Amino acid sequence: MINIISLTLLLLASMPTLAVGVKDSPHALKSLEIYKTLIGMPTVAGRGKVPEMAAYLAREFREVGFKDEDINIIPMGETVGMIVRYKGDGTAAKKPILLLGHMDVVEALDKDWDRPPFELTQDDKYFYGRGTIDNKLGITMLSSTFIRLKKEGFMPNRDMFLAFTGDEETGMLTTKMLANERPELANAEYALNSDAGGGDLDANGKAIAYLVQAAEKTYVSFELTLRNKGGHSSRPRPDNAIYELSTALLNIRDYHFPVMWSDMTREFFKVSGTQLGGELGEAMTAFAADPTNKKASDRLETESSYVGTTRTTCVTTMLKAGHAENALPQSATATVNCRIFPGISVDDVKQTLAKVVKNAAIEIVTLDSPVESPISELRDDVMAAVKKAVHARYPKVEIIAYMESGGTDGMHFRKAGIPTWALPSVFMNPDEMFAHGLNERLPIKTFYDGLDHWSIILKDLTGK
Ligand SMILES: [Zn+2]
């Protein structure tokens, strides 16, 4: 019965002469209902609300016919990871596809916001609320797409899995668990992430480009410490922890890590260069054609927006030294933050720094536990599917794969050997992006224009 009604409504919705707008389709209404419900749940670390959110989604999936055995909620501390299997008929004889999103959000303080953060509100242009972009939009769209496809009776030719994490913004323990400890997911051919990349619009709403996140650099900080026996400041000596550490830091400043590239980064510069034009655009095109072209890579190194795509970078970000104004320093410590090009290990960079500082007395300590992940080189079938979805909305917009500085679930899946691309339904002006910040919002047009995004992609990749 439900199927017949929705089919009728969908048919009506697709007939332009009738006054049934896209907002009234069953898929639009269900998507909005899910979005609203999810935004209303403060799934912030420490508040223990993620299990509630997963239970709500599980009810929605069950209602349209997903079997209990295909819905799995895995508790981990106060949060959970969630796996939903959309069983295919296996005719493609291909491994499953994973669809990623995170259910948790960054904290938002009621008193600092203009509107209640954990309630979906709107004016005539925007939806407001914590998670409207990061990442409850992704969870909503992936979930409502599964529901829609199931109601349509769509039978994929291979399995698809939703893999929703519950602490992406903090410890990523559920991410590590889903990426490494679940045999049904480990077998995946690749993963599509809803939580990075997306389309850029200019201030007039014109589409500039659509970005697919295909890699993350390794984020790591090192602490460099030099100790000294110190003494009275009235009796200065040539050996001095602050001077010596300063010299070491200037050596780091002057060091250039070797130029690196992959098929993905060359494609990035080829497309960006053509788009941008001018002298910088030419340097990009030249680099894409021949990454050993030193003139081109030197030019790109002077651009803070592009240097990171051509090499590993390290920069000093913090200093602490000395203990009294009238004493020679007994120690000096600097924090050096590096963004490492995929394929280079954290230890390699540590050894390089040890050589570059030219002072064997400096101790170098790696902070935290950095995650090294490979580049996911582009695949024609995935790029064709995303092109179909994106061009249905913005017919000519360029689609560009890029590497970012690390921080999404994707790195753990890539590290586990599952190529991952982030390709969400979002299109917006980057100046209006307030993810993690105050008054997070999403253009209402983006919500409705993106309703078919995942269906187009998934039908293209798993349809007959
Ligand atoms: Zn996120």
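At what angle do helix α8 and helix α9 pack, and how far apart are their axes? Keep that in mind while you go through these notes, and remember that you are looking at a predicted model.

1. Let's settle the helix pair from the opening question. Helix α8 covers residues 263–276 and helix α9 covers residues 278–289; they pack at an angle of about 155 degrees, and their axes are 7 Å apart. Angles over 145 degrees count as roughly antiparallel, so that is the word for how α8 and α9 lie to each other. The crossing of α8 past α9 is left-handed.

2. Who touches whom in that pair? On the α8 side you'll find Arg266, Phe269, Lys270, Ser272, Gly273, Thr274 and Leu276, and they meet Gly278, Leu280, Gly281, Met284, Thr285, Phe287, Ala288 and Ala289 of α9. Sorted by class, this contact of α8 with α9 has seven nonpolar, six polar and two charged residues.

3. Now zoom out to the whole chain. The domain assignment gives domain 1 as 2–196 + 408–462, and domain 2 as 218–366. Notice that domain 1 is listed as two stretches of the chain. Between the centres of domain 1 and domain 2, taken over C-alpha atoms, there are 38 Å.

4. Next, have a look at the open sheet with four strands, in the order β12-β14-β10-β15, where the pairing is antiparallel. Its edge strands are β12 (313–321) and β15 (363–366), and each of them pairs on one side only. On average, neighbouring strands in this sheet are turned by 25 degrees against each other, if you ignore direction. Leu319 stands opposite Ala334 in β14.

5. Two helices lie across strands of that sheet. Helix α7 (residues 241–254) lies across β10 (218–227), β12 and β14, and runs at about 15 degrees to β14. Helix α11 (residues 346–356) lies across β10, β12, β14 and β15, and its angle to β10 is about 35 degrees.

6. There's also an open sheet of three strands, ordered β4-β5-β19, again with antiparallel pairing. Here the edges are β4 (121–122) and β19 (441–443), each pairing on one side only. β4 pairs with strand β5 (residues 126–128) over two bridges, in the antiparallel sense. If you want to find this pairing, go to Thr121: its bridge partner in β5 is Tyr128.

7. Another helix pair to compare with the opening one is helix α12 (residues 380–391) and helix α15 (residues 453–462), which pack at about 145 degrees with axes 8 Å apart. This crossing is right-handed. The contact uses Asp381, Val382, Ala384, Ala385, Val386, Lys388, Ala389 and Val390 from α12, along with His453, Ile456, Ile457, Asp460 and Leu461 from α15. By class, the contact of α12 with α15 has nine nonpolar, one polar and three charged residues.

8. Finally, two backbone details to check. The peptide bond from Asp134 to Asn135 is cis, with omega near 0 degrees, and Asn135 sits in the loop between β5 and α4 (136–152). Ala93 has a positive phi of about 50 degrees, although it is not a glycine. You'll find Ala93 in the loop between β2 (79–86) and β3 (97–102).

Conventions: Residues are numbered from 1 along each chain as its sequence is written. This is a predicted model: local features need pLDDT of at least 70, side-chain atom pairs count only at pLDDT 80 or more; totals for chains, interfaces and linings use all residues. Side-chain values use heavy atoms; hydrogens and water are left out. Domain bounds come from an automatic or database domain assignment. Axes are lines fitted to C-alpha atoms, for helices over the stretch in contact, and angles run from 0 to 180 degrees between N-to-C directions. Angles under 35 degrees count as roughly parallel, over 145 as roughly antiparallel, 65 to 115 as roughly perpendicular and the rest as oblique. A crossing is left-handed if the near helix is turned anticlockwise from the far one by less than a right angle, and right-handed if clockwise. Contact means heavy atoms within 4.5 Å. Ala, Val, Leu, Ile, Met, Phe, Trp, Tyr, Cys and Pro count as nonpolar, Asp, Glu, Lys and Arg as charged, and the others, Gly among them, as polar. Two strands pair if DSSP finds at least two bridges between them.
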